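I opened this notebook to record what I looked up in the structure, going from an annotated span to one helix and then to the nonpolar cores.

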Amino acid sequence: MSPHRIALLFNANKVYDRQVIAGIGHYLNSTRVEWDLFMEEDFRSRMRDIHHFKGDGVIADFDDPEAQAALSDLHIPVVAVGGSYHDPSHYPAGVPYIATDNTRLVRLAYDHLIEQGLSRFAFFGIPSHPGSRWAQERERAFLAIVGQESVEGVVHEGHSTTAGGWGAAVEELVAWLTALPKPIGIIAVTDARARQLLQACVIGGIAVPEQVAIVGIDNDPMAQLLTRIPLTSVIQGAEEMGRTAAHLLHQMLRGVDCSTTRVLVPPVGINVQASSRYQPLRSPHVMRASHYIRQYGCLGIKTEQVADYVGVSRTVLEEHFKRELKQTVHQAILQHKLDTACQLIADSDAPLADIAVRCGFTSLQYMYAVFRREYDCTPRQYLDRHRTADAATAEHRDP
Amino acid sequence: MPISAATAWGQSPDGRPLHRWTLRSAHGAQVDLSDLGGTLLSWQAPDRHGRVGEVVLGHADAAQYLASDAYMGSIVGRWANRIRSGRFTLDGVDYKVDRNDHGNHLHGGVNGFHLQRWEVEPEGETLVLRLVSPEGDGGFPGEVRVELRVRLDDDGTLDLRYAATTDAPTPLSLTAHPYFNLSDRRPDIRDHVIRIDADEFLAIDAGAIPIGRQAVAGSAFDFREAAPIGSRLHWPDPQLRLVGGFDHCYVARPGPVDTPRTVAVVTEPLSGRRLTIDTDRPGLQFYSGQKLTGQPARRGDAYGPFAGFALEAQAFPNQMNTTEAEGAILRPGQVWRQHTRYRIDTV
C-alpha cells in the first residue's frame, strides 16, 4: 500500500507551529506510520489551492480564519488545530479539534504571579484581528479570572507593531506602564509582546521585576535572546497537540469517526526567569540598583556607576544594601555574574573562555578563581555535576 | 535526620494504640508514617520557591483509614493488584483467596496488609516496619514475614526497601499505594505532566484483568515523551473507556537485576515539583484517580475525581494465572526483595 498523502497547513514561522509539526513527526516516528507529507516550501499555508490537493487527509491551523471556509467542503479527513474557545459554538462543526487551552495558559501565568506575592495584575494583549481570536480568548480568560477572584486587573491591547509606528507605540507603552499602580504583575499574550514590555520598562526606568513582573506565553528562544532581562514564559503543550492531531488523523484514515472529538491541551510548564522573580524590597534605592545590575552587571560595572544610576552616594547605597540584602554592592554584582555564568554553562555549549568574557570576568583564569572561592570547584566540575544530574533524569528516555 | 519519637494516633479495632512517626530531610521535606498499614500519612515537600506543601492525599484520622476502600497511602499485600476470580493453582493445589473487587481479588483482600498493625522501630535515620502475615491470611498459604525499611534522604528521596520470607510457597507482590498531587493549590492532577519509560502496557478486560501485552506506540498510553495526563483522557481509546481513565499496568523496560531504574517522572507546572520513581519491579500500575470521588479528605471535606494519581511498582496483575506465574511465587528459603525510590525535587 502506498503511503497516505497528508497536507500540513501551518504558517510554521513561529515556535508554536513548529512544535505542533514536531509533535506530528514524533508520532509518525514512534508508530512507523508512513505518510507522504505535503507542506509549502516556505512553510506558509495557502488555503486557496487546497481543493486541487489529491491527498488523503489534512491537519490544518484553524486559527487561520481562511481554513474553516476553505476546508469545509473537502471530502477527505481534516483535523483542526487551534486555540480553545470559551463558547463551544465557536468551534468548527464536524471536525476533530485539538486546542491549546487558552484559559489554562493564562491561569498558569496568573497563579505564578500570585505565588510571587503580587496582588495587582494587568494583561498586555494585541488589537482584535480575525487571525488572532486566540489572543482575544486569552484576554477574556484573564478578565474572567480577575473577575472571579475580585482582584484588580486591567487590560491593554496597545497597537499592532509596524516599523513606522514603533517609536510612538513604545512611548505609548511606557506611558501606560508608568501610570500603572506598582508593584504589578503583567501577563503578556505572547513572548513577542512580553519583549516589548521589557523594552518599554528599560526605556521608562521601571524596575523589572520589583515594580513590574512579566510573564509571557510561548517560551520562545528568540524572545529570550533579544531581552536583557531573562523572560519568564508559559510553555504550551504544542508538541502534544501535534501528537494528538496525528493520532486522530491516523484513526480517521482507518475509518474511525472522530468528528466530535475535542481535545484541550494544557500548558506543560513555565520557564521561570528573572522577569517574574518578584521579591518585595523595601528600599527603592536597592530596587533601582538591582534593576541596573540585572541589565549591566556583566558589562564590567563598578559600585560607583550603580550609585550614579540610583542617584545617591556610594556610602548611602552600601548602607541600604547591607540592611536589605546583607551584602555589598560589589558582592551583588559578582553574584549576578556568577549566576549568569552558571546558567550559560548549564544551558549552552559555548566555550568557557567565551562565557567568562560574556559574564564580565576579565579572564578565564579569574572566573576559575571566583568559582574556586565561591563553589569550591572549577567551572568544568560545575558543568559535570550539572550534566550528571541531567543525565540521571534523562535515563531510559530514548525508545 | 534522626526520627522523632512516635506520637499517639488513634487506635485499632481491637483497642491497641496506633502511632505516627515523622521523618525529616535537611531541606525541609517531612514524611509522616503510621503503624496502621505502614501508611504514608503525609509528605510535605518544597516547591520551586522552597515553600513546603502537601503532596499526597490523606484521610482525616485513623477511623477513616480503617473504614476506607482507597488503600490511601498504605502498603498493599500480600498481593498488590488483582487475581482473576480470586483463584490460582500453586504446586498443583487450587487456592481461593478473598474476592473483594467485582468477583476478583484486589490488594490483599478484606483484611490486607493495609489494615494491619505493623511493628515499627526507628533505627537511626531509618524507620523499620515489620509484619507477620499468618498462614491463611486472606486465603493465602504460608506464614510470611515482611520487613520494610523506610528512609527520607536529604535529596528528597523516600527510599523503600522490602524483604520477605515464607514457610510455605505463596504468591507475593507488595507495593506502596500513595496518591500524589504535586500541586498544593489545585485538587486535580489532570494538568500534571507524566513520562513513563515503558514500551508496552497490559490491556485489560471489563473486570480490569489483563488480557495481553500491547505496544504503547500510537496510542493514548504512550508516555515515553512527557505529556499532560488530562488531555490524553479525551483520546478515543476503548481501553480508557473501560475504566474511565488510566488504571493499567505498564511493562517497565528491563534494567539491571535487583537495581532500581527510573520508570516514571511526573512534573507539576506551577509548583515546579517533580516526582521521579525508580524501582526494580517489572510492573508499574498507573491509576489516574478517576474514582476517588467522595473519599474523605484531611479537613472533613471530600476528594473529587482525579484528585490524585497512583504509580504502584509491583508484579503483573493476575500474574499467578499466566505463563509467568513462577516469577510471582516466594518459596521457603528464598528472600523476596524490592527496592523502590520516590524522589521529589523541583525543576
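UniProt positions are given here in the numbering used for this structure, and such annotations may be inferred rather than shown by experiment. The model I am reading is predicted.

Entry, annotated span. I looked up the UniProt record, an unreviewed entry, and found that its annotation "domain: HTH araC/xylS-type" covers residues 287–385 of chain A. I then checked the secondary structure of residues 287–385 of chain A, which is 76% helix and 0% strand, with the end C-alpha atoms 33 Å apart.

Entry, helix α3 of chain A. I asked what the 14 residues of this helix, residues 102–115, should span at 1.5 Å a residue. After α3(A) comes G117(A), where I read a positive phi, near 95°.

Entry, nonpolar cores. Which residues have the most contacts inside the largest nonpolar core? I found I196(B), A264(B) and L284(B), in a core of 93 residues. Strand β13 of chain B, residues 144–152, gives the most to this core, with 5 residues. Setting aside neighbours within four places in sequence, I listed the contacts of I196(B) as F223(B), Y250(B), V263(B), A264(B), L284(B) and F286(B). Apart from this core I found another, of 57 residues, including I186(A), I217(A), V306(A) and V329(A).

Definitions and conventions: Residues numbered from 1 in each chain as written. Chains lettered and ligands numbered in written order. Predicted model: local features only at pLDDT ≥ 70, side-chain atom pairs only at ≥ 80, totals over all residues. Helix = DSSP H or I, 4+ residues; strand = E, 2+ residues; numbered from the N terminus. Expected span 1.5 Å × (residues − 1). Core = buried A, V, L, I, M, F, W, Y, C linked by C-beta atoms within 7 Å. Buried ≥ 20, exposed ≤ 12 C-beta atoms within 10 Å, placed from the backbone. Contact = placed C-beta atoms within 7 Å.
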